[in-house]
Amino acid sequence: MDGEELTEQETALYDRQIRVWGADAQRRLSKAHILVSGLKGTVAEFCKNIVLAGVGSLTLIDDRPVTEESLSANFLIAPDENVFSGKSLAELCCDSLKDFNPMVRVSVEKGDLSSFGGDFYNKFDVVVVSYCSLTAKKSINEKCRKLSKRVAFYTVDCRDSCGEIFVDLQNFTYSKKKLDETVECQLQYPSFEDAIAVPWKSLPKRMSKLYFAMRVVEMFEEAEGRNPGQTSIDDLPKVLKLRKEVLEKHSLNESLIPASLLERLVAGTREFPPVCAIIGGILGQEVIKAISGKGDPFKNFFFFDATDGKGVMEDISSDLISN
Amino acid sequence: MASEQQLSAIKGAKVLMVGAGGIGCELLKTLALSGFQDIHIIDMDTIEVSNLNRQFLFRKSHVGQSKAKVARDAVLRFRPHISITPYHANVKDSDFNVDFFKQFNVVLNGLDNLDARRHVNRLCLAGGVPLIESGTTGFLGQVTVHIKGKTECYECQPKPAPKSYPVCTITSTPSKFVHCIVWAKDLLFAKLFGDKNQDNDLNVRSSDATSSSEHAEDVFERKKDEDIEQYGRRIYDHVFGYNIEVALSNEETWKNRARPKPLYIRDVLPIELIQQNGNADKSFVADDSSSVSAMASLGLKNPQDIWSLRENSRVFFEALRLFFVKREKEIGNLSFDKDDQLAVEFVTAAANIRAASFGIPLHSLFEAKGIAGNIVHAVATTNAIIAGLIVIEAIKVLQNDANNYRMTYCLEHPSRKMLLMPVEPFEPNKSCYVCSETPLLLEVNTSRSKLRDFIEKIVKAKLGMSFPLVMHGPDLLYEVGDDLEEDMVANYEANLEKVLSELPSPVSGGTILTVEDLQQDLSCNINIKHREDFDEEKEPDGMVLSGWTKEKDKTTSTENGASTSNASEAVSLETNASEAVSLETKEDSDIEIVPTGIESVDTGKKRKLPEMSDATIPDSSKNELHEIDDDDDGDDLFMLDDGNSDGSKKKRLQ
């Protein structure tokens, strides 16, 4: 697959990063097709990173019009542009991303993400969804898994000063350097649905609390028929009630999910730009690892909370049930 | 999202960014999005093509323009109503003095070299301005917070000195490719194209020193009317053939080493092939000196290919020829620059030919350029992450939220699942000559070393002072400045050439010298200890400075668990890479990683912040932290060492 050589232009532009991941990884990147949906601040950061890295193509989906809120953490859109009359978020971001790296094809796809079938997802190597409902996450992940080729699936969400990334690489083979040797490694990933179905009781005691808190908020939005991210402080009583129910079902103590954390997640719907940069950066790195097959990818969740500053990987898969 | 308190702290803040490169671009963007309204940014660099893969505020059309100014314009496009003040200047300029620094609430560093970092550290200490320091290399990065009197300063931990190699390894007994690069770059390239008057150890020292030096008198000078090919063959045969023969004649050297093979051009490359080089000239159109390339005129395309000895020899001749044909005016004034294609080609070819002679594996131009230019690996993602972390710390600093300051490490192979690892800052190192008043100790032969040696090798090179002043008691021995009287200048010039013991106010064992840099507002005392002899190889300066040490832990820490070595290995490896080459190494890009945190793993020292008043902590976040941490083990910090928990309780990674 690494037949063609990099052009002189590519070698000059990508010099510093080829020194990090090698020319073969750069060639693989240049043939990769990425789909992203939900163009808020975190995804804007991710798109910038992946376009700079030199992927083959990037397809954006987000039909929503521009609002003041969507501008708050998004550097891809100039606020005083009159051009956004009639243009969607995806279209505006596309214009600006094209400019970042002329060697990457950036385009817009219209429509509702969950209405697309397997044929559509088959065109991509990586699918990243953000601000997407629980049902949609599950169904898109399933559509990707049913394809004959491996499509890496990611979800990414930021709330208040917290962020979460989920990844499903299915059966993944990669190489890594161990001392002076390059060794082959293999990882098996569960789907999003299977991962979140793992009983909480069987999870390690020191699991990031954000994992549980994010699930409660996700369930709340699903039950109330809200759009992802459409919550406010007024929802807190209902969310706390849901917390109680869920934890009882899992036979766990309420203290597992601090009320203050849930409060931040439901009230802080506006993105915090430093966290967008961090989560968008980590996600970019992971996608580059998945495409290049180089270096340990994480399995299968990542959490960051600016209040304690920890960026933690968690492995939540059904193998845990047997423990 | 930011709280009201945070927002008002942000809005009222005036911040200084130093560096508009890899971290700088990301940082300026994130600051602007986060609501900062008054940002000043200093960067002396202009934009280059190799910046564009990560310095996303820049486009190809900006190449050659000021980074600070273009970055400002780019950010104003999405945040038109904030104030960004760019300075296309060196942060070491005297305009940026202590008063300049004092106007800012916090200084954020995104620098690429130790020298500037130390300078900014001193000005921040002098002005009492909080400093947030950062660095990235590849996937690794770190953010640290430096507050005078509360946390350690940037220089509390001695930084690893740039790697240098013994002269004889470079001139006579190279064993690694990097030795060949240093030889090609610092000796051969400098000799042929640089300042002819500079000292140069290019010629192998033979047992019969006189004859070889005589021979070397004018061998590198192109004779009048000498044909360029003739000249090239003469140089080639001299450095790769004759010099190796001379070295071989010194039997002692090769007792335990593989003997090199002298290479003469007649054996490597038929004369017709050298001449063919010249013929390619006709198809060569570009006249712009920056685009002159031997590879291009020889039809070699891929910089990742490893050329054969013959190809390297052809590149050697072609590059030499092009220098004389296309860039003759520059000869005599050139110094190696990693962005000078022809210079990189020449150095790659010469290093490879030497490597072939010594049985060392050859390398591609791409690799050779990385080593010769000391190029730091850099990707956009790590810079973005680090910039985000800087802003988070900056907001805490603006709110004076001292209990929550953290140093954060971005790791590639994390231990304990922690990809981003926050660590409580260390308290200041009591023996740091920069932020404490601890004197240093200098061992020197006072009757042999001159004041000039002391100024150059210690005051400038080791202490990082730019405008030094040296005093012995009330007597001024040396100072620099624009407003000095002529006779004073002459006086100081004369002092420079005197040995220490013969200065007007003689320096001997037991003397205490005071050294100051007025611009940095830094002063320190140096106790002089006389010592007769120094090891030429190990102590090439002929003097040894000490007293600025890491605090040793009482319990000796040995090897930590596997997870520990993982982290430290990753970082130290990068450190090596970024220090691969001996001489001046200023890289355009982002950083060298300085393994301060990791060093403390080895020393296992206990460094903890003194208790700070609770009153400064905003209530909301305090409660939160408490609640979240409650059933962790109550310890927000962590220990790198999983294995031995008892005695090493104090061994918090940092």
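Visitor: In chain B, what share of the contacts with a separation of 6 or more comes from residues 24 or more positions apart?

Guide: First, this is a predicted model, in which local features need pLDDT of at least 70, side-chain atom pairs count only at pLDDT 80 or more, and totals for chains, interfaces and linings use all residues. Residues are numbered from 1 along each chain as its sequence is written, while chains are lettered from A and ligands numbered from 1 in the order in which they are written. Two residues are in contact if their C-beta atoms, placed from the backbone, lie within 7 Å. Of the chain B contacts with a separation of 6 or more, the share from residues 24 or more positions apart is 73%.

Visitor: What percentage of the residues in chain B is buried?

Guide: A residue is buried if 20 or more other C-beta atoms lie within 10 Å of its own, exposed if 12 or fewer, and partly exposed in between, with C-beta atoms placed from the backbone. Chain B has 654 residues, and the buried percentage is 48%.

Visitor: How many helices and strands does chain B have?

Guide: Helices (H or I, at least four residues) and strands (E, at least two) are DSSP runs, numbered from the N terminus. For chain B the count is 21 helices and 14 strands.

Visitor: In which order do the 6 strands of the open sheet in chain B lie?

Guide: Two strands pair if DSSP finds at least two bridges between them. The edge strands, each pairing on one side only, are β11 (475-479) and β14 (543-546) of chain B. Pairing in this open sheet is mixed, and the order is β11-β10-β12-β13-β9-β14.

Visitor: Which residue of β13(B) is the bridge partner of E516(B)?

Guide: β12(B) (residues 512-517) runs antiparallel to β13(B), and 6 bridges join them. The hairpin of these two strands has 4 residues between them, and there D521(B) takes a positive phi near 55 degrees. Within β13(B), E516(B) is partnered by S523(B).

Visitor: Which residue in β13(B) does L441(B) stand opposite?

Guide: β9(B) (residues 440-444) and β13(B) (residues 522-530) pair in the parallel sense over 5 bridges. I512(B) stands opposite N527(B). The residue opposite L441(B) is also N527(B).

Visitor: Which element gives the most residues to the side of chain B that touches chain A?

Guide: In total, 56 residues of chain B are in contact with 59 residues of chain A. Elements giving two or more residues to that side of chain B include α2 (22-34), α16 (380-398) and β8 (418-423) of chain B. The most, 10 residues, come from α16(B).

Visitor: Which residue in β8(B) is the bridge partner of V312(A)?

Guide: β10(A) (residues 310-314) and β8(B) pair in the antiparallel sense over 2 bridges. The partner of V312(A) is M418(B).

Visitor: Why is α11(A) called oblique to α12(A)?

Guide: Helix α11(A) (residues 236-249) and helix α12(A) (residues 259-267) pack at about 130 degrees, with their axes 10 Å apart. Axes are lines fitted to C-alpha atoms, for helices over the stretch in contact, and angles run from 0 to 180 degrees between N-to-C directions. Angles under 35 degrees count as roughly parallel, over 145 as roughly antiparallel, 65 to 115 as roughly perpendicular and the rest as oblique. The angle therefore makes α11(A), relative to α12(A), oblique.
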